[in-house]
Amino acid sequence: MNRPTPKHTAPDLKFPLLDGNQWVLADQNPDNFTLVVFYRGLHCPLCKKYLQQLQELLPEFEQRGVNVVAVSMDTEKRARLSRQKWELSNLTLGYGLSEKSARDWALYLSAGVKDGEPSEFSEPGLFLVDNSNQVYYSAINSNPWGRPYLPSFVKAVDYIVQSGYPARGEVL
């Protein structure tokens, strides 16, 4: 199975943002990293809590030269409802992640089984991509729990930058 691999170029990634712009990973120019958070969608209460915490930590990430974006396979309407209901006014929020992109990023895909779930959606993933567009870190989940704890992730970025700690897991 191909998957995003540390020290290798990140897969292409582009999707629309709620502000009307198109987000393209290759166009990002962070001081240190781009943090891409894939979330399940409006139906997921754990995603709500995770993205609210991510929004709270935005200033911490920004101080460390980390650009942050979150995206799901949700439609624009569902993403707008997430922004409104979850009070995510400061978080860069994308929508319409394609199945191909989800597969390119090795995300698990699930079929909706309950009311309110889309027919298909991606499970969570979190990726840190360096400023040369190479994958530095990845965490891929098959369920909504077990994601990286964001406050400690901020501290990890400090350590990575200060110590020059290399990406690991690069052997194919």
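Predicted model: local features only at pLDDT ≥ 70, side-chain atom pairs only at ≥ 80, totals over all residues.

Colleague: Okay, and what do S3 and S8 stand for?

Modeller: Those are strands: S3 covers residues 33-38 and S8 covers residues 125-130. Strands (E, at least two residues) and helices (H or I, at least four) are DSSP runs, numbered from the N terminus. S3 and S8 pair in the antiparallel sense over six bridges; two strands pair if DSSP finds at least two bridges between them.

Colleague: In which sense do S3 and S4 pair?

Modeller: That pairing is parallel, over six bridges. One example is Thr34, whose bridge partner in S4 is Asn67.

Colleague: So what's the strand order in the open sheet?

Modeller: The order of the five strands is S5-S4-S3-S8-S9, and the pairing is mixed. S5 (93-94) and S9 (135-140) are at the edges with a single partner strand each, so one side of each has no neighbour in the sheet.

Colleague: How many residues of S3 are buried?

Modeller: Six of the six, so S3 is largely enclosed by the rest of the structure. Buried means under 20% relative accessible area, exposed means over 50%, and partly exposed is in between (1.4 Å probe, protein chains only). Phe33, Leu35 and Val37 are on one side of S3, with Thr34, Val36 and Phe38 on the other, and both faces are covered.

Colleague: Switching topic: which strands does helix H1 lie across?

Modeller: H1 (residues 45-56) lies across S3, S4 (66-71), S5 and S8, and runs at about 160° to S3. For that angle, axes are lines fitted to C-alpha atoms, for helices over the stretch in contact, and angles run from 0 to 180 degrees between N-to-C directions.

Colleague: Which residues in H1 are buried?

Modeller: Cys47, Tyr50, Leu51, Leu54 and Gln55. They cover an arc of only 140° around the axis, which puts them on the same side of H1. That arc is taken from the directions from the helix axis to the C-beta atoms. Pro45, Lys49 and Glu56 are exposed on the other side.

Colleague: Why do residues three or four places apart point the same way?

Modeller: An α-helix has 3.6 residues a turn, so residues with that spacing point the same way.

Colleague: Last one: where is Leu42, and what does it touch?

Modeller: Leu42 is in the loop between S3 and H1. Leaving out residues up to four places away in sequence, Leu42 touches Asp74, Arg78, Leu81, Ser82 and Trp86, where contact means heavy atoms within 4.5 Å.

Key: Residues numbered from 1 in each chain as written. Heavy atoms only, no water.
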